[in-house]
Number of protein chains: 2
Amino acid sequence: MATRWGICSTGKISHDFTVALKTLPAEDHQAVAVAARKLEDAQEFSRKHNISKAYGSYEELARDPDVDVVYIGNIHPHHLKACLLFMNAKKNVLCEKPLAMNTKEVKEILDSAKRNQVFLMEAVWTRFFPVSEEVRKLLAQREIGEVKMIRSEFGIPLLHRPRLVEKELGGGALLSLGMYCLQFVCMVYNGERPESIQATGVCLDTGVDETVIVTLKFSEKRMAVFTYSSSMKLPNDAIIVGTKGTIQIPSWMWCPTSLIVNGKETQYPLPEPCLPLNFHNGTGMRYEAEEVRQCLLKGLKESPVMSHSDSLLLIELEDEIRRQVGVVYSQDCL
Amino acid sequence: MATRWGICSTGKISHDFTVALKTLPAEDHQAVAVAARKLEDAQEFSRKHNISKAYGSYEELARDPDVDVVYIGNIHPHHLKACLLFMNAKKNVLCEKPLAMNTKEVKEILDSAKRNQVFLMEAVWTRFFPVSEEVRKLLAQREIGEVKMIRSEFGIPLLHRPRLVEKELGGGALLSLGMYCLQFVCMVYNGERPESIQATGVCLDTGVDETVIVTLKFSEKRMAVFTYSSSMKLPNDAIIVGTKGTIQIPSWMWCPTSLIVNGKETQYPLPEPCLPLNFHNGTGMRYEAEEVRQCLLKGLKESPVMSHSDSLLLIELEDEIRRQVGVVYSQDCL
């Protein structure tokens with residue numbers, strides 16, 4: 001039986017996610033309903049994507065008994081409210097990253113998931129790409145020995161996008177870009193909490209972070225460094241240096257389709273989208289969707305690959321990075 | 001008339017430097033004398049390199065009236081004493097990097113150079129490679145707009161070399177490896193003092209630094225990050241990100257023979273050595289030797305490309321990095 005998806009919000013990322021769903025077998029994945037704050041937006045989206053039901057409020061989607069899991073694609077200042085709405089209605093949830101604005105909000109979401117006994121996952125799509133799966137396999141097999149250093153980057157000029165600039169929209173490069181580098185470090189070091197984290201960066205006049213370099217130290221003399229920027233194009237690759245070799249993920253590290261292990265490159269191509277996409281390699285969201293399906297089939301309430309504690313570690317480190325570079329959201333002051 | 005070089009110390013780097021001199025026209029550069037602490041070592045070196053005079057003490061070399069400039073190639077804990085010896089004997093000096101162990105020692109050396117009115121330069125050979133010259137030209141022409149980010153790396157497994165490990169030999173990766181990354185950052189930002197510098201790293205049991213990540217913030221939201229390690233092989237490239245493009249220096253960034261400007265690569269090959277070398281691209285030391293000659297011909301007491309203030313800035317930042325990672329030399333306690 002197909003997993004029946006409800007799509008919450010009709011923005012760019014929801015478009016790409018819905019296109020990505022269509023690269024999967026229709027007998028496995030079906031977008032059955034879409035909700036926007038304006039009914040016309042939902043109706044337009046439903047026509048474009050051939051989704052049978054369109055709602056002019058998130059509440060109606062929450063009440064739809066035909067929906068197994070809701071994909072939340074609105075901006076992150078609204079994630080807390082949307083997550084609580086759907087989970088209190090006993091809906092499973094795949095929520096776009098970052099899961100919320102700060103640790104306090106994430107804890108509230110995780111608590112609600114447990115209380116309502118629903119499945120919840122932060123949509124860190126990168127982790128489910130075949131490249132990422134292969135990286136985890138290689139690390140588990142100690143193909144490059146002990147990992148000693150990780151470096152990654154995410155920098156694109158995006159200062160024309162209000163979403164990256166305005167504080168009330170959840171602006172700041174960390175939560176939209178830097179988090180990809182951070183989640184990569186956390187994945188490679190298997191969810192271990194770093195011994196120390198240091199962030200040096202510069203902010204925009206709007207009070208959000210623009211370009212930041214973060215260094216982390218882990219036990220056993222293992223380290224990591226990443227750079228993210230909403231103002232400049234960086235090489236945007238990632239590298240893992242081990243005692244016996246090196247794994248490189250060429251640009252773009254957040255939606256990877258190629259892997260270089262000790263100099264040998266392998267391609268992992270994505271399926272073509274049926275409609276134009278808004279984001280690089282957007283059909284790669286198919287893998288996180290399939291992860292959700294597999295977890296639901298197994299009756300899991302969280303994914304072992306992107307677990308609740310993974311989300312908690314991420315946001316705690318993100319809070320610390322923000323503290324060091326001096327970014328305070330209104331949500332921090334409540 | 002040829003510049004007449006005296007070679008102080010007969011170690012690996014002196015060998016390479018002398019080989020590099022031979023790639024230059026003999027009417028411009030002549031190694032005329034060599035000194036070691038043991039006469040046999042000097043004699044063997046003089047035979048190997050066809051140098052007419054061999055001395056069993058540095059003092060004899062300092063007294064040799066036929067020597068215009070002394071190349072100091074011993075280990076850095078001995079640079080202070082050697083520099084003072086030769087400069088007090090009114091010899092010009094090209095001294096291997098790092099110029100000395102800490103700021104106090106470097107200041108003593110710079111003061112002595114001024115007092116004795118001799119030429120003195122820290123042998124930061126990288127700065128004189130054609131690649132580096134081209135980088136400075138491109139930056140001056142604002143070929144990539146305003147520089148916003150620099151990244152560089154120097155990591156090689158060298159823990160089998162006592163010189164990198166033992167504190168009394170000047171061990172620690174910063175002064176032997178990291179300084180190349182730091183000087184690169186300082187060159188690109190034109191000797192400007194950073195607003196902040198943060199170092200995170202791990203040390204060896206001997207109390208010297210093994211692997212360190214350093215982030216720097218400069219005025220106008222310009223940043224830099226570099227990683228150095230004596231325990232692992234890193235990609236070892238460098239990149240300069242500007243508002244209008246990117247300059248990449250492929251591995252090895254400390255002795256570069258290739259340059260990639262906005263994706264277009266140009267090769268800058270080195271001459272072949274007449275004898276096997278100890279270090280990668282060792283004949284590249286020819287460019288610093290020629291810089292010394294040109295400065296001497298112009299009557300300069302320091303090189304505008306690697307000036308006394310450049311050396312002072314380097315060592316002050318190196319002291320700060322050491323302070324943050326907790327490396328203390330006996331020379332710091334005098």
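Strand E7 of chain A supplies three residues to the lining of the second largest cavity, the most of any element. Strands are DSSP runs of E of at least two residues, and helices runs of H or I of at least four, numbered from the N terminus. A cavity is a set of points on a 1 Å grid over the protein atoms alone where a 1.4 Å probe fits but cannot get out, and lining residues have an atom within 4 Å of a point.

This is a predicted model, in which local features need pLDDT of at least 70, side-chain atom pairs count only at pLDDT 80 or more, and totals for chains, interfaces and linings use all residues. Residues are numbered from 1 along each chain as its sequence is written.

The whole structure has three cavities of 30 Å³ or more. Volume is the space filled by probe spheres set on the points, which are joined across faces, edges and corners.

| Cavity | Volume | Lining includes |
|---|---|---|
| Largest | about 60 Å³ | A:Arg151, A:Glu153, B:Arg151, B:Glu153 |

In the lining of the largest cavity, strands E7 (147–155) and E10 (222–229) of both chain A and chain B each supply at least two residues.

Definitions and conventions: Chains are lettered from A and ligands numbered from 1 in the order in which they are written. Side-chain values use heavy atoms; hydrogens and water are left out. On a 1 Å grid over the protein atoms alone, a cavity is a set of points where a 1.4 Å probe fits but cannot get out, and a pocket is an open set with protein on both sides within 12 Å along at least five of seven lines; lining residues have an atom within 4 Å of a point.
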